[in-house]
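Subject: Structure handover

Hello,

Here is the structure for you to look through. My notes on it follow below.

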Amino acid sequence: MVADSREAPAAEGGMIRVEVAYACPDRQVILPLVVPEGTTVDTALRQSEIETQFPEIDLENVKVGIFGKITRRDTVLRPRDRIEIYRPLIADPKEVRRQRAGKGRKKKPGKGGTETDGENTKDATGESAEE
């Protein structure tokens, strides 16, 4: 049986090592912390004082996760957990995909194919393809 390396204590005396991570487009920070066993995500966030480096973070309302998975603030941390602070999305990914798909539906003229103007079909030379 293979042991999970996260199960072993990463510090001594009832303390564990964790990290708090935050990234913005131009900068990324990972803060190492040593916290008592039983510490919650919320307590570790406050202990990290990350908001002093990034005042734009609203610790009360920001979404957080552990290793890429959204988590609750009352989650008890395990050794070597990385708490990630997520920035709000600028654009809705579904809407961006819809817009991109909508643009791709219309054939571009001059690519060797045909173009439809709603009534007549024209080839790449602009000549009517109808007989």
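**Two loop residues**

Phe67 counts as partly exposed because its relative accessibility is 38%. Buried means under 20% relative accessible area, exposed means over 50%, and partly exposed is in between (1.4 Å probe, protein chains only). Phe67 sits in the loop between strand E3 (63-66) and strand E4 (69-70). Helices (H or I, at least four residues) and strands (E, at least two) are DSSP runs, numbered from the N terminus. Phe67 is not a glycine, yet its phi is positive, at about 50°.

Arg80 is another residue other than glycine with a positive phi, near 70°. Arg80 lies in the loop between E4 and strand E5 (82-86). With 41% relative accessibility, Arg80 counts as partly exposed.

**What kind of model this is**

This is a predicted model: local features need pLDDT of at least 70, side-chain atom pairs count only at pLDDT 80 or more, and totals for chains, interfaces and linings use all residues. Residues are numbered from 1 along each chain as its sequence is written, and side-chain values use heavy atoms, with hydrogens and water left out.

The protein chain has a mean pLDDT of 79, and 70% of its residues reach 70 or more. Residues 1-10 have a pLDDT below 50; beyond near neighbours in sequence, this stretch has 16 contacts in the model. pLDDT is the predictor's confidence in each residue, from 0 to 100. Contact means heavy atoms within 4.5 Å. Where pLDDT is low, the predicted coordinates should not be read in detail.

**The chain overall**

The secondary structure of the protein chain comes to two helices and seven strands. From the N terminus on, the elements run β-β-α-β-β-β-α-β-β. The protein chain has 131 residues, of which 25% count as buried. Of its contacts with a separation of 6 or more, 43% are between residues 24 or more positions apart.

**The sheet**

What is the order of the strands in the five-stranded open sheet? The order is E2-E1-E5-E3-E4, with mixed pairing. E2 and E4 stand at the edges, each with a single partner strand, so one side of each has no neighbour in the sheet. Two strands pair if DSSP finds at least two bridges between them.

Strands E1 (residues 15-24) and E2 (residues 27-36) run antiparallel and are joined by 10 bridges. A hairpin of two residues connects E1 to E2. Met15 is opposite Pro36 in E2.

E3 and E5 also run antiparallel, with four bridges between them. Gly65 has Glu84 in E5 as its bridge partner. Helix H1 (residues 41-48) packs on the sheet and touches E1, E2, E3 and E5. The direction of H1 makes about 115° with that of E2. For such angles, axes are lines fitted to C-alpha atoms, for helices over the stretch in contact, and angles run from 0 to 180 degrees between N-to-C directions.

**A serine in the helix**

Ser48 lies in helix H1. Is Ser48 buried or exposed? Ser48 is buried, because its relative accessible area is 12%. Leaving aside neighbours within four places in sequence, Ser48 is in contact with Val20, Leu31 and Leu33. Ser48 and Ala21 are 27 residues apart along the chain, and their C-alpha atoms are separated by 9.8 Å.

**The core**

The largest nonpolar core has 22 residues. A nonpolar core is a set of buried Ala, Val, Leu, Ile, Met, Phe, Trp, Tyr and Cys residues joined through side-chain atoms within 4.5 Å. E1, E2, H1, E3 and E5 each supply at least two residues of this core. E1 gives the largest share, five residues. Leu45, Ile50, Ile57, Leu77, Ile83 and Ile85 have the most contacts inside the core. Not counting residues up to four places away in sequence, Ile57 touches Tyr22, Ile50, Val62 and Ile85.

**One aromatic pair**

A search of the whole structure finds one aromatic pair. Tyr22 and Phe54 form this edge-to-face pair, at 4.7 Å centre to centre and 65° between the planes. Rings of Phe, Tyr and Trp (its six-membered ring) pair if their centres lie within 6.5 Å; planes under 30 degrees apart count as stacked, over 60 as edge-to-face and the rest as tilted. The pair links distant parts of the chain, 32 residues apart: Tyr22 is in strand E1, and Phe54 is in the loop between H1 and E3. Both Tyr22 and Phe54 are buried.

Best wishes
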